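User: I am new to protein models. Please show me how to read one, feature by feature.

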Amino acid sequence: MDNVDTVYTDVLIVGGGPSGLAASIHLADIINKKGQNHRILLIDKGNSIGSHILSGAVIRPEVFKQLLPDVDFNEIPFNAKVTKDATVLLSENGSFQLPFPVPYMSNKGNYIASLGQICRYLAKKAEEKGVEIYPGFSISDLLYKDGKVIGAKTIDTGVDHHGNPMENFQPGTRIEAKLTILAEGTRGSLTKKLINQYKLDKGKNAQVYSLGVKELWSVPEGNIQPGEIYHTMGYPLNLKEFGGGFIYGLNDNKVAVGLVVGLDYEDPTFDTHNAFQVWKTTPFVSKFLKGGRLVEYGAKTLPEGGWYSLPKLYTDNVMIVGDSAGMIAMPALKGVHLAITSGMLAAETAAQALDKNDFSEKSLSVYDSLIKDSLIYRDLYPTRNFRQAFAKGMIVGPLHFATQMITGGAGFFGRLKSVPDKERTKTLAEFKGKPFKERFKGKLDFDKVLTFDKPTDVYYSGTAHDEQQVPHLKINNPETFQKINIEQYGAPCQFFCSSEVYELHTDKNGHKEIRIHAENCMHCKTCDIKSPADGITWCVPNGGNGPDFQNM
Amino acid sequence: MALTIISLIKQVPLPSEMRMGEDGLMDRTKAKSIINIDCQFGLEAGLQLKKQYPDARMIVCSMGPNSFEPSLRTAISMGYDEAYLLSDRKLGGSDTYATGLAISTMLKHLGFNKDSKDPFIIFAGRQTSDGDTAHVPSQVAEAMGIPQATFVESVKADGKGNVIAKRIIEGGYQMMQLPMPCVISMTPTGIPPRKPSLSGAIKARHAKINVFGVDDVHVNTEKIGLSGSPTIVANVVNIVSERPPVTFCEGHTETELVDSLIENMKKVKSPLTKEKTETTEKKTAEKPDFPYYDDRNGARGILTWAELANGKVVRPSLELLTPARHLADQLGEDTKIITLLIGHHVDDQIPVLFEHGSDEVILVDDERLAEYLVLPFSSIFEQVIRQRRPEIALFAATTSGRELAPRIGMKTGSGVTADCTGLEIGEYVSRKEKVIYKPILFSRRPTYGESKLATILGFVMPQISTARPGTFEVPPRMEGRTGTVSEFKPQLTEEEFKVKILETVRGEGNTVNLFDADVIVSGGRGATGDNLALVKKLAEALKSQGVKAEWACSRVVVDEGYAEYARQVGQTGKTVRPKLYIAIGISGAVQHIAGMKESEKIIAIDHNPKASIFNFADFGIVGEYEDVVPELIERVNARYTFGIEAKK
């Protein structure tokens with residue numbers, strides 16, 4: 001098409017989370033110090049920076065001093081310093097506080113924060129340093145030339161549900177970049193394409209994920225002190241399900257609560273959002289929320305495969321950083337410091353490549369050696385077998401993990417393999433355990449005071465999507481979806497989805513079909529990860545669509 | 001000869017984005033700002049016209065505080081090139097008259113006037129969501145002395161210096177031919193605004209926003225701002241709707257959903273009691289001892305307009321005679337209602353006007369005036385007003401009334417109050433001037449998306465207001481009542497007939513009587529999958545149970561040819577108040593809501609739980625209409641009639 005605009009940049013960063021922003025800030029610093037003039041474009045699909053960011057979040061602050069050496073540390077908008085840190089074992093009606101600190105989970109010296117707030121602050125810093133940031137634009141495709149990535153393209157807008165151009169059609173803008181840095185966050189849709197295209201996951205473990213659902217509450221004074229944090233284990237999860245809850249006390253009588261569940265569970269009817277609601281009803285959790293009010297809801301997946309699941313992080317003209325790469329340290333579930341570190345290391349690599357004007361795979365391999373010499377390696381390598389061990393359940397897992405601690409992470413079996421989460425789901429016939437609804441019978445009627453159904457929670461995410469566009473959730477093969485996902489598995493998507501996107505409709509003749517309410521989507525990507533037999537692909541919707549997180 | 005395309009925009013708070021604050025009240029400060037939706041359609045119309053004129057110069061203009069800049073940048077990112085903002089503290093408090101004046105002065109300063117050598121066209125949105133007046137485009141056109149078309153849905157150039165505009169009117173549409181320069185105000189039903197492109201956003205980031213103060217463009221500061229405006233907002237109160245929030249039906253299947261509906265409907269008897277207003281007005285307990293002041297300076301009488309469609313006076317023009325009579329009674333002293341009837345061979349309508357309350361009919365008969373045209377009609381009104389000096393002029397707030405009244409107000413310097421739901425004579429204490437104005441017209445109008453009721457006063461005669469159709473009853477007909485007929489010969493120039501009506505398409509109105517139905521089953525775009533078959537079937541099923549039921553629809557459905565105009569409910573259709581209104585697949589655009597919100601009970605069925613129709617409904621079913629409606633039909637066939645009595 002002749003009216004397609006092309007913009008040119010030296011470096012294109014896709015995604016304005018901590019890793020992309022750190023990459024842009026650090027690269028701008030190096031460039032400015034050298035007195036060079038290189039263009040850095042950062043594009044984010046949220047309607048503003050921070051609107052698609054969700055994290056616990058308890059953050060290790062040291063990296064911020066490295067990223068922003070010239071900034072007064074107190075200027076960074078952390079919320080509260082951790083003052084009390086406890087891990088609690090929950091049962092349906094009781095709780096037991098562990099008398100010893102869990103290894104790798106100490107939070108001494110860490111800060112609680114709204115990661116969205118932090119990102120807004122970082123974006124301001126980046127723009128001051130000359131980075132051009134454009135929120136509200138979705139990048140749908142990578143651009144290739146001679147088999148190599150040469151940039152990316154924003155989504156075409158003004159199309160109908162089938163993708164046909166309408167009168168207000170606007171072709172996407174081509175962005176030609178010498179170097180593209182993918183910082184899309186968890187399960188990045190371009191990253192996924194790139195990994196498949198160049199087989200960057202060859203010889204690596206499959207990435208595995210958890211789904212975290214979170215609510216922010218405003219509570220009466222005295223319910224919790226700022227800086228108090230609790231992690232819970234046990235109920236409502238059983239010994240085969242990996243995960244736990246968190247309760248973080250924030251300033252201004254706010255409290256962040258959430259439940260993180262490994263997506264390698266077997267029950268096709270398991271519902272993380274609903275499990276989270278049940279979790280809130282336990283006496284230990286509900287006391288923090290008593291008399292309070294829901295302020296925000298959100299959900300996001302976390303890549304937690306660790307060291308062995310990191311794909312190859314670079315190829316000609318491209319690097320991958322942050323959650324897109326899988327930079328989360330287990331079992332602490334901390335990724336912000338690693339995201340920032342990976343962004344900074346990518347920036348250093350980019351600076352060298354700009355100097356040489358060489359963006360080849362060979363030139364970018366510096367990134368790999370920088371990582372091996374960094375905090376990322378030091379954090380990820382000792383726990384490299386952690387998550388795989390816990391896939392075996394909460395009894396065998398800790399035994400494995402104990403041996404790993406003695407052996408420096410190797411355990412007795414060397415590298416443990418992992419299985420993609422979607423393959424772990426069992427069919428209705430195979431699954432022998434108690435289905436989710438029976439397990440929590442009588443607990444799934446939500447009172448809209450302490451507990452909420454999905455549509456209510458979705459309302460509190462502020463999510464919105466343009467009506468006129470191709471639905472961004474695609475059933476890959478309607479025929480096999482019907483046969484496998486619906487008939488054999490009972491449409492797990494209606495349960496695992498954090499935001500009531502998938503509805504299984506049964507008509508009077510008993511015919512079942514999936515209806516997709518794409519407008520509710522929270523961009524958590526669970527459907528892309530957990531649908532049996534590759535049922536669903538998550539694609540980017542129009543720019544500016546999606547949740548509107550304020551303080552997540 | 002390059003064309004210049006100018007778009008006028010306003011930045012407004014995004015209504016749906018307004019979040020509840022910590023205290024549970026609406027927090028407007030945190031509401032995001034957007035370009036007013038109608039203005040976005042204006043921007044798009046300009047960009048569509050650019051397809052025909054690829055070299056067109058694209059200008060976007062606004063008036064407001066510096067915080068409007070982001071919206072101007074958004075316009076640039078959509079495809080505009082230059083941006084101008086008129087921003088000055090002195091403009092604060094301007095009413096629509098002053099706003100129209102200021103904007104037109106800026107445009108003239110930029111070199112655009114009626115005698116400009118190079119053609120230009122001005123696009124605007126029909127109305128803003130925070131003001132809802134729809135006046136400014138007309139007033140800009142009048143102040144610049146150029147033609148206009150309002151309520152326009154699409155525009156194309158004919159290649160001969162004219163544009164062809166499709167204007168929405170009650171009952172259908174008109175194709176109009178306008179010479180450039182002209183002003184076009186767009187309804188939010190045409191081509192939806194495009195999303196900004198990244199390349200556009202990059203351009204916008206580096207673009208210069210030209211900011212003018214009033215002195216830069218030489219606006220007469222005596223005619224702007226709070227003190228220069230001919231009208232003021234005397235009072236604003238919250239409208240507290242007593243319709244409780246919607247009760248959503250629960251269930252996993254249609255059967256469960258409908259069971260739940262029936263249960264819910266049993267629980268709630270009559271959800272709608274009359275809307276009440278919560279007065280924050282300080283009681284005039286201590287009325288100061290100021291002298292009374294009669295501002296009318298001899299102006300007397302109430303002038304109304306008898307709008308015609310298919311040769312008959314339209315219902316809203318008859319409704320208008322109700323508040324006119326009420327005001328005349330309040331004013332006393334034998335105040336007369338004078339009705340202006342403009343057309344050709346329309347003498348037969350004179351008795352209709354007398355029998356509904358007009359005391360005098362001024363007839364203007366001219367074959368060139370058989371169809372309403374804003375330029376000659378506004379000119380005639382101006383001439384009549386100068387000769388007869390009425391104290392009040394009233395228009396029905398129809399698509400024509402809402403462009404004609406502001407154009408006249410600009411000529412007389414009066415200002416206009418739009419879309420009133422209450423008209424009273426009162427007295428106004430001016431503490432500044434230490435006088436009490438009496439008598440003065442209190443025009444009450446809903447604003448801010450129907451959440452507030454504002455009282456507007458005008459100080460320049462005549463005090464002009466438009467009245468919302470469907471608000472007032474048609475006065476009872478007094479057979480044989482008569483009055484004075486006078487003929488008026490206006491001075492009209494060729495210039496005033498430059499706009500041509502190429503075609504008027506108006507549906508026949510009276511075959512269906514929605515006003516008498518107890519139940520109205522209404523279908524929107526979301527119910528057209530089967531050409532409204534299920535909507536019609538449900539109405540039929542109710543009828544066969546002996547219920548007075550009719551089916552109706554929203555405007556898009558009429559537009560797309562699924563139904564005749566007579567069945568259209570909404571701002572350009574009918575305002576109905578049945579005992580039960582069942583909205584199926586209707587998203588709930590404000591234009592539609594205006595026509596049905598006073599129904600006794602409202603059931604809404606739509607697949608989108610966030611559809612705004614649910615904000616106005618008593619009972620909501622979230623689901624596909626293809627599933628839910630057949631279930632409802634079955635229940636009706638089994639004698640369930642929603643608690644509405646059957647009349648056999």
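Predicted model: local features only at pLDDT ≥ 70, side-chain atom pairs only at ≥ 80, totals over all residues.

User: How many residues of chain B are in contact with chain A?

Analyst: Two residues are in contact if their C-beta atoms, placed from the backbone, lie within 7 Å. Here, 17 residues of chain B are in contact with 19 residues of chain A.

User: Which element gives the most to that side of chain B?

Analyst: Helices (H or I, at least four residues) and strands (E, at least two) are DSSP runs, numbered from the N terminus. Helix α5(B) gives the most, with four residues. Both α1 (37-52) and α5 of chain B give two or more residues to the side that touches chain A.

User: Which residues of α5 in chain B are buried?

Analyst: A residue is buried if 20 or more other C-beta atoms lie within 10 Å of its own, exposed if 12 or fewer, and partly exposed in between. In α5 (residues 198-206) of chain B, the buried residues are B:L198, B:S199, B:G200, B:A201 and B:A204. Their cover includes β1 (6-14), β8 (132-135) and β10 (148-154) of chain A, together with α2 (69-78) of chain B.

User: Why is strand β27 of chain B largely enclosed?

Analyst: Count its buried residues. Five of the seven residues of β27 (residues 452-458) of chain B are buried, so the rest of the structure largely encloses this strand.

User: Which strand pairs with β27(B)?

Analyst: Two strands pair if DSSP finds at least two bridges between them. Strand β26 (residues 435-447) of chain B pairs with β27(B) in the antiparallel sense, over five bridges. B:R444 stands opposite B:T455 in β27(B).

User: Where does A:E503 lie, and what does it touch?

Analyst: A:E503 lies in strand β22 (residues 502-506) of chain A. A:E503 is buried, with 20 other C-beta atoms within 10 Å. Not counting residues up to four places away in sequence, A:E503 touches A:Q494, A:R515 and A:H517. The C-alpha atoms of A:E503 and A:H517 are separated by 7.6 Å, though these residues are 14 residues apart along the chain.

User: How is chain A divided into domains?

Analyst: Domain bounds come from an automatic or database domain assignment. Chain A has domain 1 (6-71 + 117-206 + 309-382) and domain 2 (385-421). Their C-alpha centres lie 31 Å apart.

Terms used
Residues numbered from 1 in each chain as written. Chains lettered and ligands numbered in written order.
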